[in-house]
Amino acid sequence: MFPANFGYAAPRSVDEALQLLSKHGEEAKLLAGGHSLIPAMKLRLSSPRTLIDLGAVPGLRGVRLDGNTLAIGALTVHADVGSSDLVRKHLPGLAEAASVIGDVQVRNRGTIGGSVAHADPAADFPVILTALNATFVLQSTGGSRTVTADKFFVDYFTTAMEPNEILTEIIVPLPPAGTGTAYAKLAHPASGYVVVSAGAMITRQPSGSCTAARITIGGLGSGPVRAVASETELQGKALNAQNIAAAAAKAAEETDPDGDIYAGADYKRHMATVLARRAIEAAVKRAVT
Ligand SMILES: Cc1cc2nc3c(=O)[nH]c(=O)nc-3n(C[C@H](O)[C@H](O)[C@H](O)COP(=O)(O)OP(=O)(O)OC[C@H]3O[C@@H](n4cnc5c(N)ncnc54)[C@H](O)[C@@H]3O)c2cc1C
């Protein structure tokens, strides 16, 4: 399969990329790792007239500590997110998600910004970044704005980004003391994409009870869903096996997943409860007070 003909531009700064984006409008597409866009172009699901390659734009890669947040450049590849000392120390759940994406080639080319901008319902980063309450920094020629993960993922392959915006950075708050994060995934055996997955960020008091919980599930709809019933169930409770199981049992409440050739809807709902339990348990183990 071959893509339709397209023009190619390699800007040397975010400003230059933004100028090109305004010039070419919706006929242009940004290119990051190309691991979702190029296959889509080859299948003619996407036929941009111009590709604006962000690969040579400086300042969009890497993880840095910025006050009480981690700032992750949009062009940081999955492998670098997963092996970052900062991410592994402060947000082990994010490192876990990065390290189970696709295979080694995908993790060395695909970028965290490309993954969230693409908003595939079977992607890993949207699920864990929503659990971690991340914020996305969007730049246009008119300035910059931020959108929280809860509002960023709008529908299948659709985000709150405007066509003239570039995602430059992902900001993840450092969790407070006594907080653990974790990610659990059932991967499709052929593609490695998510069949069902769960992200958890759990805070506990020294007494052992839960003071805050953010739990997200992937694979049950158009994007990550907050398991609000599970979060509510855990609030104020002792984080023991019985209470965790009761909360996880509610992980698929108010979801209506589509079954597919690999996994039926009931199986997906069941796996959501299993993976939510595993993610909560792992997060609780890491929530050292
Ligand atoms: C074999 C295979 C297996 C995979 N398995 C998994 C998996 O298990 N889990 C998973 O989550 N993903 C998986 N992926 C997808 C992979 O993670 C992609 O790399 C990722 O979804 C897209 O990132 P990219 O950098 O390649 O983006 P690209 O393909 O370059 O771009 C994707 C889209 O995002 C836009 N975009 C890119 N960067 C920006 C930006 N900074 N600002 C605004 N828009 C931008 C592009 O215009 C395009 O529309 C797999 C891919 C392959 C080929």
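Predicted model: local features only at pLDDT ≥ 70, side-chain atom pairs only at ≥ 80, totals over all residues.
View 1. Leaving aside residues up to four places away in sequence, Ser144 touches Val137, Leu138 and Gln139. Val127 is 17 residues from Ser144 in sequence, and the C-alpha atoms of these two residues are 24 Å apart in space.

**View 2. The open sheet that includes strand E7.** Five strands make up this sheet, in the order E4-E5-E10-E6-E7, and their pairing is antiparallel. At the edges are strand E4 (63-66) and strand E7 (143-148), each of which pairs on one side only. From one strand to the next, the twist averages 25 degrees. In general, the strands of a sheet pair through backbone hydrogen bonds, in either a parallel or an antiparallel manner.

**View 3. Strands E6 and E10, with helix H1 packed on the sheet.** Strand E6 covers residues 135-140 and pairs with E10 in the antiparallel sense over 5 bridges. Within this region, Val137 stands opposite Glu169 of E10. Helix H1, formed by residues 14-24, packs on the sheet and touches both E6 and E10. The direction of H1 makes an angle of about 125 degrees with that of E10.

**View 4. The shell of residues around the ligand.** There are 31 residues around the ligand, of which Gly33, His35, Gly102, Gly110 and Gly114 come nearest. Four elements each supply at least two residues of the shell: strand E2 (28-31), helix H2 (37-42), helix H7 (112-118) and strand E10 (166-173). Helix H7 provides the largest share, with 5 residues. Sorted by class, the shell contains 15 nonpolar, 13 polar and 3 charged residues.

**View 5. The division of the protein chain into domains.** Domain 1 spans residues 7-52, domain 2 spans residues 63-173, and domain 3 spans residues 182-286. A distance of 36 Å separates the C-alpha centres of domain 1 and domain 3.

Conventions:
Residues numbered from 1 in each chain as written. Domains from an automatic or database assignment. Near = placed C-beta within 6 Å. Nonpolar A, V, L, I, M, F, W, Y, C, P; charged D, E, K, R; others polar. Pairing = 2+ DSSP bridges. Axes fitted to C-alpha atoms, helices over the stretch in contact; angles between N-to-C directions. Contact = placed C-beta atoms within 7 Å.
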